[in-house]
Amino acid sequence: MQVEFQRLRFLVVEDDEPMRRILRAMLEGFGSRDVFEAADGAAGLEAFTAQHPDIVVIDWELPLLDGVEATRRMRDPDKSPNPFVPIIMVTGYAERRRVLAARNAGVNEFLVKPISAQALYERILTIVARPRPFLKTRTYFGPHPRRNADPVPAEGAPAAGDRDTVR
Amino acid sequence: MTPRRPDPPKAPRTEAEPEIVPVPDTLRRKALVLRGSLEDAMAEAVGRAESAVERLSVDFERWMGESAARLAAAHAAYRSSPGPDARAALFKAAHDLRGRAGMLGYPLAGRIGASLARLLGDRSEPPADLVAQHVDAVRAMVRQGAKDASDPVGSALAAELERAVDAVARRPGPR
């Protein structure tokens, strides 16, 4: 089993140019030929609509629109061109409350900088090979917070206090 | 033995109830192929990615120099006019450093960036001398190439600054 990266289109939304170049180098090293970039959240949303990426890699701290808000808009089931798009958040924040906030916005995977090529590959593999079902509540539309759980959980913040949400 | 009572009938699902939504199998069908060894493919791809990042490493020192300069400039602006905007700009410079430095091979500077971001995020009026010590430490480390735990002086300095921030965090005061 393997992932054919040359068939996948990526969007990297990151305001730090060296980080963008490193992420692009990793993704192209994996084999992707289509890596699009945006330096702020608003440009990221535009590129998301225009380029139809298969996977989004996004930072938290971004000018104009931060990564959490951009994620919420990409997940909007009524307005987004692809509310199911897998989203990997790559950030310097490691605090648990940040992880949970990102989960509650709808990110699939959370990576804390510095990241390794191995860690990024593993997250992409998980997204492609083991896609999680989505959960829809009044306040949330995104990946089910429990990787292997099937039953419908209680209404409310889906990831709060759920140890399975933090890898 | 008491016979088990039958489950009550389930209420019909309403729009307000959580709902499991199956995800389209698009990426699996598009990009997952069931041939070859996953471990071999992953090792090969990760190796290529690491080589690609290594080719960028000629710029790492320059990028770290830019980070340290940006942090110093944000600090100078904060010192001359401490206010929410200047503090936010200094926090952003420290946060960016925390994220960037480890990727560029300067984990010690990343630790100090994280420590400064914590100090600025935790206190509305952080001790000015401690803020300045963080900024000076980052500039010195980048200038002298003190990158990681193999540098005993840099390691001790990073640990000392982290302890100082711990002590500030324990103090009562405005947050």
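I began with the second largest pocket of this predicted model. Its lining runs through Arg72(A), Arg75(A), Asp76(A) and Pro77(A), then Asn104(A) and Ala105(A), and finally Lys136(A), Thr137(A), Arg138(A), Thr139(A), Tyr140(A) and Phe141(A). I noted five charged residues in that lining, with four nonpolar and three polar ones beside them. For the volume I wrote down about 150 Å³.

Next I turned to the largest pocket, with about 280 Å³ of space. It is lined by 22 residues, and Phe84(A), Pro86(A), Val23(B), Pro24(B) and Leu27(B) are the closest to its centre. Helix 5 (117-129) of chain A and helix 1 (26-31) of chain B are the elements that each give two or more residues to this lining. Sorting the lining by class gave me eleven nonpolar, seven charged and four polar residues.

Then I picked a residue in chain B: is Leu116(B) buried or exposed? Leu116(B) counts as buried, because its relative accessibility is 1% and the cut-off for buried is under 20%. I found Leu116(B) in helix 5 (residues 107-122) of chain B. Leaving out residues up to four places away in sequence, I listed its contacts as Leu71(B), Ala94(B), Val131(B), His134(B) and Val135(B). I also checked Ala52(B), 64 residues from Leu116(B) along the chain, and got 31 Å between their C-alpha atoms.

Last came confidence. Chain A has an average pLDDT of 88, and 87% of its residues score at least 70. I flagged residues 149-167 of chain A, where pLDDT stays under 50. For that stretch the model has 46 contacts beyond four places in sequence.

Conventions: Residues are numbered from 1 along each chain as its sequence is written. Chains are lettered from A and ligands numbered from 1 in the order in which they are written. This is a predicted model: local features need pLDDT of at least 70, side-chain atom pairs count only at pLDDT 80 or more; totals for chains, interfaces and linings use all residues. Side-chain values use heavy atoms; hydrogens and water are left out. pLDDT is the predictor's confidence in each residue, from 0 to 100. Contact means heavy atoms within 4.5 Å. Helices (H or I, at least four residues) and strands (E, at least two) are DSSP runs, numbered from the N terminus. Buried means under 20% relative accessible area, exposed over 50%, partly exposed in between (1.4 Å probe, protein chains only). On a 1 Å grid over the protein atoms alone, a cavity is a set of points where a 1.4 Å probe fits but cannot get out, and a pocket is an open set with protein on both sides within 12 Å along at least five of seven lines; lining residues have an atom within 4 Å of a point. Grid points are joined across faces, edges and corners, and a volume is the space filled by probe spheres set on the points. Ala, Val, Leu, Ile, Met, Phe, Trp, Tyr, Cys and Pro count as nonpolar, Asp, Glu, Lys and Arg as charged, and the others, Gly among them, as polar.
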